[in-house]
Amino acid sequence: MHRARIVLKQIVPLKPHLGLDRLAPWCYPAEGAVACLWGSQRNQKRHYNAPVATEPFLNGSSSAYVEEMYNAWLRDPKSVHVSWDSFFRSTSAGAAPGQAYSPPPSLAQPQRNTVPMSALAPFIGGGHSSLSSHVDEKVIDDHLAVQAIIRSYQIRGHHIAELDPLGISSADLDEKHPPELLYTTYAFDRVRSTTYSDLQKKVDSLMAQEKDMDRVFKLPSTTFIGGKEKALPLREILNRLENAYCRHIGVEFMFINSLEQCNWIRQKFETPGIMEVDNEQKRLNLARLTRATGFEAFLARKWSSEKRFGLEGCEILIPAMKQIIDKSTELGVESIVMGMPHRGRLNVLANVCRKPLEQIFTQFAALEAADDGSGDVKYHLGTYIERLNRVTNKNIRLAVVANPSHLEAVDPVVQGKTRAEQFYRGDGEGKKVMSMLLHGDAAFCGQGIVYETFHLADLPDYTTHGTIHIVVNNQIGFTTDPRHSRSSPYCTDVARVVNAPIFHVNSDDPESVMHVCNVAAEWRSTFHKDVVVDIVCYRRNGHNEIDEPMFTQPLMYRKIRSTKSGLDKYADRLISEGVVTPEEVKDVRDKYDKICEEAYTNARKETHIKYKDWLDSPWSGFFEGKDPLKVSPTGLKEDTLVHIGKRFSSPPPNAAEFVIHKGLERIMKARMEMVENRTVDWALGEAMAFGSLLKEGIHVRLSGQDVERGTFSHRHHVLHHQNVDKATYRPLCFLYPDQAPYTVCNSSLSEFGVLGFELGYSMTNPNALVCWEAQFGDFNNTAQCIIDQFISSGQAKWVRQSGLVMLNPHGLEGMGPEHSSARVERFLQMSSDDPDYFPPESEEFAVRQLHDINWIVANCSTPANYFHILRRQIALPFRKPLILLTPKSLLRHPEAKSSFDLMVEGTEFLRLIPEEGAATQNPDNVKKVVFCSGKVFYDLRKARDEKKLSNDIAIARVEQISPFPFDLVKKECAKYPNASLVWAQEEHKNQGPWTYVQPRFSTALNDTRDIAYAGRPTAASPATGSKMTHLRELNQLVEEALAL
Ligand SMILES: Cc1ncc(C[n+]2csc(CCOP(=O)(O)OP(=O)(O)O)c2C)c(N)n1
Ligand SMILES: [Mg+2]
């Protein structure tokens, strides 16, 4: 009846509620929605004071019913059930309380832990005279109804939980009371009221007169509300259900398709007394809340006009995160990787990570940076801390991953980093390392990357074995009301796709918040699955501290202004409970304020800010003692090439019965022949790069859509037994007994999510080659945010390096506008090398350029060069992302093969492959030098040779486009002093490398010679959809390039 009172309290004043309906926020609640709340009044029962009322199984108003039975029995003992007959006989004969009732022999022995039907018979309302079939049916019906009510509370109780600390709107955007949560719906004796005035009149009498309320019902095994009791009166059942599901916690879990997991959750919320906490925990909550609140207040005082995206209105987030960390460490977690947006970030760094306050405060000063990079605003920076958890006395590592403004984009990065940490620690079940992701309500439901990230949750090569998500659900996104920012009832509905339980909780009830945090941590530790804590709160200020929220949310903010802070409410409560004194409360506040003041004084003494203080992934030991300009050799001993080549070309050793597809047998045979002929094609070159790194102890991971076989069926890193399901063999995992692990994994169909994940993976350990391959390069733009915000600019913003390799199949081959271009122009446009600056020529020219640039963009035309550039990623003394354009038709092109001679010791990656043919013999007579990159080289060379122009035209390949090989271009041009220069590309003029290379050629040549363009004209679309047009264009561009 608690619910009834609450609902009635809300509706009787008939005042407008804020935002009751998505389209008409000013509407009153629909009458029908509440009319069914109330059943009919029942006739008053006479009170009966017979001694039987002292029987322990009888209580309260059930004695009224007993009186009826008794009167009937007095009139005619046969008119009541034999059990009543026996009972009244015994009591009349003076049996002691508890001894009078004995079950009739006709009824079967009850099973353990069950309540026999006969035991319930005495409580059946309606004055039935025997346990007739009619009565049986009613008992059953009513029990079924009770079961249904219980189930309804479990399924839908959250809809009516009191989640909004402001009390003005419903977290599910629906003010209606679900009818299945009204016991009257279950027809114990249903008469519907229809009007509010009816309701008003009936309120008091209904409370007192609901007859069914005192009937006792056996509890089904799907509830834990009884504790040790197996049956309860309906009133108590409803009370306990209300307490479990409709107070300050709303639990969404009944969609989970595991009975075990549902029961686990029921138990965590239904067990009587489970939410009680001791005074020590209460004081800890208060202390933590005090620090969280004090931190924001301090910042507001010192820097009142600075944006900091404060946490006011959800300060409870800090104790909540700490509770999760405490519980998780207690359960064995040693490292937590966190991702979070702007809101409350500084507070998290200060009070969760315990980053020195001085470092945080220094960020508010306009100080010079002590190290390289352009830096980032303070509420984006990452951090990494190792410290003792004082509550559990265990060491814990906490990392907050730096992130851009782009909300939720950090999610997959966090997951990848977490997965990598688990991998390197051998933590195959995620017991030691876990991720925690924080979200804003609007972003959580609005950003598709959230969904893409969730879908990695259970994939064998991507799972982090459960993430704890926390939503700071302040019921607003910048200025937008949730009714206009989402179509789902809750902002958390996206989590349902992975069967994650969702705990909505009212931020103003710290103990409920801590309870759901404990349950979330236990859930993850038990089931290793995702879980969501949705803290329903408010935002005390505008979107940031200098924003005026009254422009757009006047009523909400009027309410907020008159709402006491969460800290004040909790402090008042604990004072009234006698847990703390007002002096203690003040003392804790003052102490923290003093800590802040001291740090503030120290921060003012700082002269520089240090970006390195904000590193989220320190690579201890990697940079120390290294010559920053020394690259290790990438060529290999021939023996190694042969060994890897043969292993890669062989079926499982000693497994004659492993049946390989006939087509694959042919491929393997051809590979073996290449090894014997000392040549490699693309796939073999790649395998040798991977295999040799594995041999050197470098973990290699290749991830992306269909990468195991390769989109173009060229790779085949996983052999499938043709007769045994899921029996596979990965040759590269079995090259050497002591090799590093190789992971090759087909990913979900997500670029944004998976590229972000691999980026995160690459951040954990520099001694790994992490590659992501796009199905076609064209699709990388759905991950544009990861490319722009993290890969191209991550080091500059966050002093964080990554050696991630992006493989982007690229080439205009007549496959239409979406299967042709990886949009190399975009990558090049974001390259940070200066087109007008020719760095000093020296031995270290190449490595210095690599050191200084933000990433490397290359289009290799030979397998040997591909092999070297992959190996060079690890040979470098630092890490840079590598954007590779990779071939399609070249994968099988008979000329696109390399000899071992180009891969053995002493060989290296060629940034530019000069002309090597006839033209070099008489360079003064060469009329034209054609520069190009990638596959078009083969078209140009073929046409040139067919035209017999090999003496007249030299063709040079720019393999590393960025950083631009100024030195080698200059040299190649100088070789042919009388030649005209042309850049030939297959991409359209406004695309491809042209706009990048043109000014750099001028710089390389000191503006002494011009370079012309030969290629497709400008276009809006990357490629034609017509095969014929494609061929005509190709022909034209080749003709133009070779024209003399
Ligand atoms: C991808 C993206 N789009 C838009 C923005 C601009 N923006 C910054 S905060 C914000 C509102 C976020 O609302 P919510 O997720 O509820 O977080 P809150 O600020 O309420 O904590 C928006 C739209 C952004 N940062 N990122
Ligand atoms: Mg919000």
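**Ligands, metal and sheet**

Guide: A polar contact here is a pair of N or O atoms within 3.5 Å. This is a predicted model, where local features need pLDDT of at least 70 and side-chain atom pairs count only at pLDDT 80 or more, while totals for chains, interfaces and linings use all residues. Residues are numbered from 1 along each chain as its sequence is written, chains are lettered from A and ligands numbered from 1 in the order in which they are written, and side-chain values use heavy atoms, leaving out hydrogens and water.

Visitor: What lies 3.0 Å from an oxygen atom of ligand 1?

Guide: That's a polar side-chain atom of histidine 342. Alanine 442 has a backbone N or O atom 2.9 Å from an oxygen atom of ligand 1.

Visitor: And how much of ligand 1's accessible area does the protein cover?

Guide: 74% of the 580 Å² that ligand 1 has on its own, by the Shrake-Rupley method with a 1.4 Å probe.

Visitor: Which helix gives the most to the shell?

Guide: Helix 15, residues 441–446, with three residues. Helices are DSSP runs (H or I, at least four residues) and strands likewise (E, at least two), numbered from the N terminus.

Visitor: Switching to the metal. What coordinates the magnesium ion?

Guide: Asp441 (OD), Asn474 (OD1) and Ile476 (O) coordinate the magnesium ion, ligand 2, at 2.0 Å. Donors are N, O and S atoms within 2.8 Å of the metal (3.2 Å for Na, K and Ca), and water is not among the atoms, so sites may look incomplete.

Visitor: Where do aspartate 441 and asparagine 474 lie?

Guide: Aspartate 441 is in helix 15 and asparagine 474 is in the loop between strand 9 (467–473) and strand 10 (502–506), so the pair ties together parts that are 33 residues apart in sequence.

Visitor: Are those two buried or exposed?

Guide: Aspartate 441 and asparagine 474 are both buried. Buried means under 20% relative accessible area, exposed over 50%, and partly exposed in between (1.4 Å probe, protein chains only).

Visitor: New topic: in what order do the strands of the open sheet come?

Guide: The order is 23-25-24-27-28, five strands with mixed pairing. Two strands pair if DSSP finds at least two bridges between them. The edges are strand 23 (912–913) and strand 28 (1011–1016), each pairing on one side only.

Visitor: How many bridges join strand 23 to strand 25?

Guide: Two, and these strands run antiparallel. Isoleucine 913 stands opposite arginine 957 in strand 25.

How values were computed
Polar contact = N/O pair within 3.5 Å; in protein donor to acceptor, adjacent residues only side chain to side chain.
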